[in-house]
Amino acid sequence: MLGGKAARRGLAVTMVTVVAAVGVTGTAEAAAPRKPAKAGDVNGDGRVDVIAGVHLLKVKGKSDAGGVAVYLGGAGKVSGTARTVTLGKPVSRENLGRVLVTGDFDKDGYADVLASARKKLVVFRGSRTGLRAAGAKVMTWPVTGPAMAAGDFDGDGYWDAAVAGSRQVVVLRGGRSGLKVSARLANGAPRFGAELAAGDVDGDGRADLVVTENRADTSDTVREQQITVVPGSRAGLSMDHSWSITPIERAARDLALGDVNGDRKADLVRVTSADAGEPDFRVVVQLSRGGAFGPARTLRYDAYPANVALGDVTGDGRADLAVHLAGDGDHDRAVLHAGTATGVGTRPIREYAHATYETRYGTSLRLANVRGDSRAEVVAGLPGVYGAGELEVLPNGQRAGAQRLKVKGQSGLGFSQPS
């Protein structure tokens, strides 16, 4: 790991402050609370908000400029109207919002959003009135659409972010002025950082980072790869204390970390495939043992699992697992597995789908407590095939009271939500 000046020499990052005024009114801020907000709570009311990228949005005549849409959480239901933030000087085909993470990076009591765009990253700050376009910070970045993860890696109360760069993972440390490059992580693999996830694997109260070094590609031959855990510490993330596993499988397609068995340690869930000739995609669950992961348990399906999300939908203190299953004709569906004392249940307890074809149901999945009670909601993306797209919010994972959220026009809504 190289920190401080060495990190800045290793990655040329230009920070520019951009003033924008799309969809947000400027008001004088009241004194902000000092307790960090929950990830995704952009207005600091204690409820997580529904956040989605709209990377196909047309802004000021610029096609596919993109932005971030926010539907504020509420006790009864989520706001049906999106507040969309974009850059003040949009660029055609910039696709802002294709990848998102959220956290209170400046510990002002309002969650912020870090969003990808073409060869850049954009930070939108939260506020009493919601996510703000004014004062958005832009960082040039060597890759487009990088993997990202967010968590408090050093335990100082400021959320941090990890973002894939060129042959490395760059750590952006939170502070009073927001995110700043603080370190870089590498192990020599050319695609180190292909997938990222953050969670407290060792149970010490700080977020740890899990990193893969390959992406799944059915044209690749089967080869070994490492999955690396970089523990959080008071000094932040360091490869000096990292440890790895080498599973006998193909590269992971998606990662998630969450406490599925209630022991206060984050367990590892990933989508993978083990056969190059006839890909057998599956979901693999490994429970955390603190400084190691336990044996792999495999969940198999009659369709290809494409992405996973974790959150406590049932309200028992354990994370439940949602899996997006890609079907023929874009007739996708999602299933929910319960977290139990012994791990993830093998049989789904709920299934979600729409009767109509081409919805691509569950292309993005997020399990988040948007009503402020004791249970998470299932937020499923339905991008469709023509770019209009929708989000469906299922209160406590139930059909009763479900909401359908939209953005006017072709926006790409449903493709991306914070990981």
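V68 is one of the residues with the most contacts inside the largest nonpolar core, alongside F124 and L131. Leaving aside neighbours within four places in sequence, V68 is in contact (heavy atoms within 4.5 Å) with I51, A52, V54, R83, T84, V85, L100, V113, A115, F124 and L131. Please keep in mind that this is a predicted model, in which local features need pLDDT of at least 70 and side-chain atom pairs count only at pLDDT 80 or more, while totals for chains, interfaces and linings use all residues. Residues are numbered from 1 along each chain as its sequence is written, and side-chain values use heavy atoms, with hydrogens and water left out.

**The core around V68**

- The largest nonpolar core has 19 residues; such a core is a set of buried Ala, Val, Leu, Ile, Met, Phe, Trp, Tyr and Cys residues joined through side-chain atoms within 4.5 Å.
- Buried here means under 20% relative accessible area, with exposed over 50% and partly exposed in between, using a 1.4 Å probe and protein chains only.
- At least two residues of this core come from each of β4 (68-71), β7 (112-117), β8 (120-124) and β9 (136-140).
- Strand β7 gives the most to the core, with three residues.

**The chain as a whole**

- The secondary structure comes to one helix and 31 strands; these are DSSP runs numbered from the N terminus, with helices (H or I) of at least four residues and strands (E) of at least two.
- Of the 419 residues in the chain, 57% are buried.
- Among contacts with a separation of 6 or more, 53% are between residues 24 or more positions apart.
- The accessible surface of the chain comes to about 17000 Å², and 48% of this belongs to carbon and sulfur atoms; the areas come from the Shrake-Rupley method with a 1.4 Å probe, and for residues only the protein chains shown count as cover.

**Aromatic pairs**

- A search of the whole structure finds two aromatic pairs. Rings of Phe, Tyr and Trp (its six-membered ring) pair if their centres lie within 6.5 Å, and planes under 30 degrees apart count as stacked, over 60 as edge-to-face and the rest as tilted.
- W243 and F293 form a tilted pair, at 5.3 Å centre to centre with 55 degrees between the planes. This pair links distant parts of the chain, 50 residues apart: W243 is in strand β17 (residues 243-245), and F293 is in the loop between β20 (281-286) and β21 (297-299). Both W243 and F293 are buried.
- F281 and Y304 form an edge-to-face pair, at 4.6 Å centre to centre with 80 degrees between the planes. Here too the pair links distant parts of the chain, with F281 in strand β20 and Y304 in strand β22 (residues 304-311), 23 residues apart.
- F281 counts as buried because its relative accessibility is 7%, whereas Y304, at 43%, counts as partly exposed.

**Charges over rings**

- The charged end of R253 sits over the ring of F281, 4.5 Å from its centre. The criterion is that NZ of Lys or CZ of Arg is within 6 Å of the ring centre and within 35 degrees of the ring normal.
- K107 lies over the face of Y158, at 4.7 Å from the ring centre.

**H337 and its surroundings**

- H337 is found in strand β24 (residues 333-337), and its relative accessible area is 0%, so H337 is buried.
- The side chains of H337 and Y301 are joined by a polar contact of 2.8 Å. A polar contact is a pair of N or O atoms within 3.5 Å; within protein, one must be able to donate a hydrogen and the other to accept it, and residues adjacent in sequence count only if both atoms are side-chain atoms.
- Beyond its neighbours within four places in sequence, H337 is in contact with residues including L299, D320, V344 and P348.

**L255 in strand β18**

- L255 is found in strand β18 (residues 254-258) and, at 8% relative accessibility, counts as buried.
- Not counting residues up to four places away in sequence, L255 touches E195, L196, A197, V210, T212, L268, V269, R270 and V308.

**Positive phi outside glycine**

- R93 has a positive phi of about 60 degrees although it is not a glycine. R93 is in the loop between β5 (83-85) and β6 (100-103) and, at 56% relative accessibility, counts as exposed.
- N396 also is a residue other than glycine with a positive phi, near 50 degrees. N396 lies in the loop between β30 (390-394) and β31 (403-405) and is buried, with a relative accessible area of 12%.
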